[in-house]
Amino acid sequence: MMTVMFPEVRMRRLRRTPTMRRLVRETIISVDDLVLPLFVDDRIDAPRDIEAMPGVRAYPLSMMADVARDAESAGLPAVLLFGVPMEKDGRGSQAYATEGVAQRAVADVKDATELVVMTDLCLCEYTSHGHCGLVDGGEVLNDETLELYADIAVSQADAGADVIAPSGMMDGMVGAIRGALDANGYHGVAIMSYAAKYASAFYGPFRECVLSTPSFGDRRSYQMDPANAREALKEMELDLREGADMLMVKPALPYLDIIRDARQAFDVPVAAYSVSGEYSMIAAAAANGWIDLHQAMMESLLSIKRAGADIIITYYAKDAAVELGAMR
Ligand code: PBG
């Protein structure tokens, strides 16, 4: 195919100046692509640092409106809310309580801003055993859990959520949630499914933040085996057929191939969640002076976009927004 070669062809011609590089750049990240995860903790009345994620904090409910206004002023279009309840129990009942911490936070953020409000829908932040579903005899139950997911979805929609993001990896969860939303008149509430969510070591810092490390076993009976790519396509196809409006791949950097597969196979928006461990790796190396924080952050986000993600959920969203404002 290529007949002309060096010295007629010189690839470096188009790399000579910053403006030339801008002109031929293939992938552009925009602040419009970014979603900031936010943690609201019912047990605190001042911001709580997360040791393994320097710069990230959990906030009390009283601060959520301000925190959201900040994200909006940075130019971000959306936030993804996680709640840490006052009390956990076996059924995670604070996850679907009308006055649950996440529900109240949604209402506050909607009142204060025009942001798209996404809610993580799971039980693990709310259950005493830390699993993403109901547990019986050491097993995480699937179908019984779906009933609770349906209740959580409706309670989040009642509070004003625009997008429900189920992350528990139970079979049938998207269909159960879509059915419950529609039955309650919430036809306009969208579902962004954590469709291809892997059983990953990169969630460690997040679990420290929301205290959701399972008290026994691990999540491998519901989250995906990191070795599997074809299975991810199947998960995503099923979630689309059950009514997902957007698909998510999680984590992002170790799964760029899956993001690419999703982009090629489906025509819905593909989101990638650059998870807590990805944030911590860059933050820790940068804190040691081993890499440049801003360059490593932007390069990571760019690679996720280049792989095919339309939406990137990242704890660096605000920093990246600032960087993008300053950059050309
Ligand atoms: C809840 C959930 C988790 C994350 C997002 N939603 C944790 C888990 O599955 O253990 C991880 C996010 C992160 O690490 O940044 N199921």
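Trainee: In which sense do strand E1 and E4 pair, and over how many bridges?

Mentor: Let's take that from the predicted model. Strand E1 (residues 34-41) runs parallel to E4, and 7 bridges link the two. One place to look is Phe39, which stands opposite Phe82 in E4.

Trainee: Which strand pairs with E4 over 4 bridges?

Mentor: That is strand E5 (residues 116-121), again in the parallel sense. Here Ala78 has Val116 of E5 as its bridge partner. Follow the chain as well: E4, helix H3 (residues 101-112) and E5 form a β-α-β unit, and its hand is right.

Trainee: How should I read the side chains of a strand such as E4?

Mentor: Start with the general idea: in a regular strand, side chains alternate between the two faces of the sheet. Now the case here: Ala78, Leu80, Phe82 and Val84 point one way from E4, while Val79, Leu81 and Gly83 point the other way.

Trainee: Are those residues buried or exposed?

Mentor: All of them are buried. Since 7 of the 7 residues of E4 (residues 78-84) are buried, the strand is largely enclosed by the rest of the structure.

Trainee: How many residues does the largest nonpolar core have?

Mentor: It has 113 residues, and Phe39, Leu80 and Met192 are among those with the most contacts inside it. Helix H4 (residues 143-159) supplies the largest share of this core, 7 residues. For a close look, pick Met192: leaving out residues up to four places away in sequence, it touches Met118, Val163, Ile164, Ala165, Pro166, Met246, Met248, Ala271 and Ile313.

Trainee: And where does Gly172 lie?

Mentor: Gly172 sits in the loop between strand E8 (163-166) and helix H5 (173-183). Its relative accessibility is 26%, so it counts as partly exposed; the buried class would need under 20%. Not counting residues up to four places away in sequence, Gly172 touches Leu146 and Glu242.

Definitions and conventions. Residues numbered from 1 in each chain as written. Predicted model: local features only at pLDDT ≥ 70, side-chain atom pairs only at ≥ 80, totals over all residues. Heavy atoms only, no water. Core = buried A, V, L, I, M, F, W, Y, C linked by side-chain atoms within 4.5 Å. Buried < 20%, exposed > 50% of the residue type's maximum accessible area, 1.4 Å probe, protein only. Contact = heavy atoms within 4.5 Å. Pairing = 2+ DSSP bridges. Right-handed = clockwise from strand over helix to strand, strands pointing away.
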